[in-house]
Every structure is written in C-alpha cells, then in structure tokens.
Amino acid sequence: MKKNSLKAWLYLLPAILFLGCFMVYPLVDVLVYSLEEGYNSASQSYYGVGLYNFSYVLRDPYFLQAVKNTFLLVIITVPLSTGIALLISLGLNAIKPLRGFFQTVYFLPYVTNTLAVGLVFMILFKKTAYTDGLVNLMLHFFGAGTVDFIDGPYWAKMFVLCFYTIWVVMPFKILILTSALASVNPEYYSAARMDGANSRRIFRKITLPMISPMIFYLVITGFIGAFKAYSDAVALFGTDLNAAGMNTIVGYVYDMLYGNSGGYPSFASAAALILFAIVLTITCINLLISNKRVHY
Amino acid sequence: MKVVLRNLTKKFPSRNKKGEEVIAVNNFDFEIPDGKLIGLLGPSGCGKSTTLNLISGLEAPTKGQIFFGDDDVTRLPPENRGVGLVFQNYALYPHLTVLENIMFPLGNLKGKDKMSKQDMQKKAIEAARLVQIEQLLERRPGNMSGGQQQRVAIARALVKRPRVLLLDEPLSNLDARLRLQTREEIRRIQQETGITTIFVTHDQDEAMSISDMIVVMKAGVVQQIGPPQEVYDDPVNLFVATFLGTPLINVFDASVSGGRLVIGSDRVLPVPGAKDGKIIAAIRPEGFILDRDGPFGLKLSRVEVMGRDTSVVSTHPDCRSPFVRSIIPSRKDFRSDGGLVRFSLVPEKVHLFDPESEKRVPFETGGTVQ
C-alpha cells in the first residue's frame, strides 16, 4: 500500500512540479505582492502589510478608465459576437453548395496573426496625412464627415476596438456553433415538422435549447476573454494605451509592471486580483443563470 | 381513415459510381382498411421505413399517389396530413418535460384551432392517460426507461387526434419482456382509439401477433398482403414462407415423381397436381408427426425439450440449412438414441415452390400417405 502511494506521487510529480512552479507559486506570489506596501523590486524591501495597494489602484484614474473600457468592451462584444456568430452558423447550416468554402472564409481570421489584422484595421480606419482611410472614404460617399477612428473621439475609438474584437473572436464561435448545430439529431426536426411547428418555433423550442450548452460555453469564455483583452488594443492604438485613453485592465497591469510608468509589481498584483474577483463574480452569475436556461 | 397507395414509387439517386438509382419502394398499390392495425414487415433495407416516410410526408414519392380516405394527400406537407409519427428512437425533446413534449404539437396550432394553455394541458393529460403515463408528466425523457419513452412518443403522436398513426420499429429499442408488454399496449391503444395504425417491423413475431393485416416486403417490392394467419398458411413464394414463422420453415431441394414428393430417397407425400421434376419443398416445423412407420426418415442429432413441446433437431443431406427442426408435442417416451427418426407429414404444412421462380406450386392436400 505504502509503496503504491509512493509510486502514485512519482507519477504525479511532473504535473505537480509544473503546476506548482508556473501556476501555484506565481498565484501565491501575486497575493503576497498585492499586500506588501511600498515594495521595491530593486531592494526587495517593503515597509508594511495592508490593503493600501488596492485602495491606490481603485483610486487611480487610469485604472478606472481601464475598467470602464473593459466593461464596455465586454458588454458590447460578447452578446454581439455570439449573436452574429449564431446567425452566420445558422446560415451556414442552411446552405448546401459552397458550405465548405464559406466555412473556410469565416474561419480565416482565426489563423491570422492579431498584429497583422491590427495593421489591416489601421489601413481601414487610420487617418494619415495622405488619406483618411477606407472607412472614411465610404463615410464621405454617404455624405458624412471625417471621423478619426484611431486618434479621435472616445466613441470612435471604442467602436473600432469593439469591431475589431468581434471580428477576431467570431471565427472560433462560428466553428463551435456550426458543429453544435450539425450535432443536433435531425430526427428532432423531422418530429417537429410532423407536429406542424414552423421554423421560428423550431428554432426557439428545439434548436436553441439543444445548442444552449455550447452557447453558454461561448458566453463564459467570451466574457473571460474580453475581460483579458489587451493585445487587440495594442494592435490598434499602440503601446501607450493610457495616453490614448483606451487601456484595458490587463493593459494597466502590464503598464504597472513594465510600462513607461512601470516598476510597481504591488499595484500590478492588486489590479490583477481585482480583475480576478470581477471575472469570478461574473462567471458565478453566469453559472447561476445557466442552471435555469441551459439544457444538458 | 382508409389509406390507399396507388402505384407508389420512390427512387433515390445513386450513391455508387455506376449511377444506378436505388428503388426503395417499387410500385406499391394497395389499400389499408379503416381502423385496422397494419404491420409492414420485411428485412432491413426493404423499403419499410421509406414507405412510412412517404405516408407521413417526410419524403415525396417519385411517382404515384397516396389517399387518406378520399383526400389525395400526395402533395400535402406532413403537418397538413393529420398523421402522427412515432420515431424509432422516439425523438423526444430532451429539454422538455413529458407534459411539454406531449403538448408540443398542440402549441403549433394556429388560427381558429389555437388552444389555450389549459386546454392544451387537458388534452395532453388525456393522451398521457391513454398510454398510462399520467404519473410521469413532470419527468424529463432522459430519466425514463425505454418503454416509458415509447409511451410518451405515442402520446405525443396521438394528442392531435391524427387520422393515421405511424410507428417506425416501435419495439426494436426495448428489451424482450418489455417488447411483449408494449406490443399488447399498442394493440390496446389502437383498439381504444380506432385510429388506422401502420407500423414497421423486421420482426415477424411482432407483426403476426398484433396486426390485423401484414404487408410482407422485400427489396422494395410487396410480396404478399393479408391477415397474418393467411399469409403464414398460404405463402405466395419461398421468401414469404421463410420469412414468417419461428423456428424457420425447413427448406429441402426435392423432386416430384409420379404425383409424389420425393426428398432424398423417401417418397414423403402424395402431391397430386404438381408436375414431375425438381422442386423446392418447405415444411413447417409443426408439419412433422412422429410416426414409427412414417415415410420420411431423418438422422437425429439432438432433442431440445421446451416444456410445452419438444424440438427435434435432425439432419438431412438435401436440407438447405444444416439442421431440420421439427416441433412435436412433448412426450416422455421419446428416446434420443441417435440413429433415424421417422415422420409422416401434415400436407397443409408442406409448401412447394418452383426452383426457378421460387413461386408457390399448388397441389391438392386431400390425399394421405400410403
């Protein structure tokens, strides 16, 4: 018996070692940093233990801006991207010819480099000395004035960021939803058709509940992914996000560590823990709602 | 409601390279009388389910017409035909409770047929009572046994009072004991409602035991239609004879000579009216009578006692299957000492078939063995 448990530990060792080094230790470390007041990374010293880091971060206007940006991004992109992905998947499911072609086209953004896509969006939206960008040309065509989407008003920048995020996350959602739709047993549709259900009722009463676990999965991962947004903002607005007013929470954490104003691991840790608390709360709420609405 | 099929044909486009069409249903032309329970019987791939789908409207025929009573429903979509269909795997919506499942068809009614929720519930409970599941209304299909799911599916098909009820392999997903119970149940429900019911099965026991009429099919072609006993007693061809009956009918390569059926070297039965020459003789297991002086000698290999009767398993070189099975009333004095057993035959239980066409060759059954 004893020998067996020794063997078991031996088998577990690689996983424990890796998880311990790269997951548990950093997590604990973050917690420790966040509670150490005035920590100095050069001298490895601090002068107190308490919640000062949290209160500082929560009062930092840059952080509040980042929270606002992140929440806006989450609230706008998660429902929109999931909804649009569902519509496209339904469309893909309904057509026969060229389905493979369209599936490939819709999946392309997934395998495209984020920064390359950011560059493309720059060309579409950025106003330079030579051109106002493709989108502005189109706006002109409809008689609207020039909008600077990259350096202009807040709503314009937010629009571009959301647009970009939706475009980037869509392929994965379409992939998941098309396979979910395909996995619904066609007998249910036959049965519903026999019973005289119209397509709207079939969608509402059969399709939607049947794929609800997958939609739920996408919403949860979508929330978490959007809360962790950072590289999208960088791709569009460059690295100085605070100056652009487009920082996200993760961006704020990064800036606190390595940015121009960086070198404050304690503040970064506190911000990271606040983000963690937010994500945990939202996910719990999601789970509670899903108990009623999701059918496994 | 009488169901009439006229020259009904369904072809499917080919899936192989040669481009041959598959004819799943070939020129069906028969009438199903009102208020009867009809079994479509045949081996897998014979077009039974396609026939059902054609009647339900889930598939459109290539040719021919379908009438319910005097209405031509050939071009009607399934929801306007007034049919209830029970799928082989029941197709109960897993996320809805039993009550919601049964109510689902009612919720689709529009216009003047639209019902209030109370009425829908009342109707659904009525249907549930008919199939005796009223105590399970709040359950979900996932937590129910196959037999219970089956009942829910039948209730859902019945709740709209269909003109025709269709059941696709209703018993194939149930275990043996439940199968017996459920087939009685289907019979009872059919008789209580009086709805013309058509069910598909590959199990001849099932079809024979509850149907008023069976339709035996093979490779998209109707072989024989009639009351089960009639089809059993008077099979039109070798296929029907071998398809019906357990244990299987015993098939011998035999010949007729001088008005007598000859199997091996035994002149086993006078068959007046049959022409001389090669012939296929099929003998029902119950057609053998143990008879010390009988004309038909078989090499005994074993005896299986089944209580009510005894199954004598023997061999004969001209039998198409390795063993000849005969069922005789059980008797204590039967000795299985190996060697030969002798039988005489019941003429009504012997069927002759043409070796080329495998069609039935009639003979007069009045004679006795001399």
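Helices (H or I, at least four residues) and strands (E, at least two) are DSSP runs, numbered from the N terminus. By this count, chain B has eight helices and 21 strands, and chain A has 13 helices and two strands.

This is a predicted model, in which local features need pLDDT of at least 70, side-chain atom pairs count only at pLDDT 80 or more, and totals for chains, interfaces and linings use all residues. Residues are numbered from 1 along each chain as its sequence is written, while chains are lettered from A and ligands numbered from 1 in the order in which they are written.

## The two chains

A residue is called buried if 20 or more other C-beta atoms lie within 10 Å of its own, exposed if 12 or fewer, and partly exposed in between, with C-beta atoms placed from the backbone. Two residues are in contact if their C-beta atoms, placed in that way, lie within 7 Å. The table uses both terms; its contact column takes contacts between residues at least 6 apart in sequence and gives the share that join residues at least 24 apart.

| Chain | Residues | Buried | C-alpha box along the principal axes | Contacts joining residues at least 24 apart |
|---|---|---|---|---|
| Chain A | 296 residues | 30% | roughly 75 × 75 × 30 Å | 66% |

## Where the chains meet

The contact between the chains takes 13 residues from chain A and 14 residues from chain B. On the side of chain A, helix 8 (186-194) and helix 9 (199-227) are the elements that give two or more residues. Helix 8 of chain A provides the largest share, six residues.

For residue classes, Ala, Val, Leu, Ile, Met, Phe, Trp, Tyr, Cys and Pro count as nonpolar, Asp, Glu, Lys and Arg as charged, and the others, Gly among them, as polar. The side of chain A that touches chain B then has six nonpolar, three polar and four charged residues.

## A helix pair in chain A

Two packed helices are described by the angle between their axes and the distance between the axes. Axes are lines fitted to C-alpha atoms, for helices over the stretch in contact, and angles run from 0 to 180 degrees between N-to-C directions. Helix 4 (residues 99-107) and helix 7 (residues 154-182) of chain A pack at about 145°, with their axes 8 Å apart. Helix 4 of chain A contributes A:Q103, A:Y106 and A:F107, and helix 7 of chain A contributes A:P171, A:I174, A:L175 and A:T178. By class, the residues of this contact are five nonpolar, two polar and no charged.

## The domains of chain B

Domain bounds come from an automatic or database domain assignment. For chain B the assignment gives domain 1 (3-241) and domain 2 (250-361). The C-alpha centres of these two domains of chain B lie 39 Å apart. Their contact takes six residues from domain 1 and seven residues from domain 2 of chain B. The side of domain 1 of chain B in this contact has five nonpolar residues, one polar and no charged.

## The six-stranded sheet of chain B

Two strands pair if DSSP finds at least two bridges between them. In chain B, six strands form an open sheet in the order 6-7-8-3-9-10, with mixed pairing. Strand 6 (83-86) and strand 10 (221-226) of chain B are at the edges with a single partner strand each, so one side of each has no neighbour in the sheet. The twist from one strand to the next averages 15°.

Within chain B, strand 7 (residues 164-168) and strand 8 (residues 196-201) run parallel and are joined by five bridges. B:L167 stands opposite B:F199 in strand 8 of chain B. Helix 4 (residues 146-158) of chain B lies across strand 6 and strand 7 of chain B, at about 165° to strand 6.

## Two hairpins in chain B

Strand 11 (residues 250-257) and strand 12 of chain B pair antiparallel over three bridges. B:S255 has B:V262 as its bridge partner. This hairpin has two residues between the strands, and B:G258 takes a positive phi near 60°.

Strand 12 of chain B is also joined to strand 13 (residues 266-270) of chain B, antiparallel, by four bridges. Here the bridge partner of B:V262 is B:R267. Two residues lie between these strands, and B:G264 in the turn has a positive phi of about 60°.

In a regular strand the side chains alternate between the two faces of the sheet. In strand 12 (residues 260-263) of chain B both faces are covered: B:R260 and B:V262 on one side and B:L261 and B:I263 on the other are all buried.
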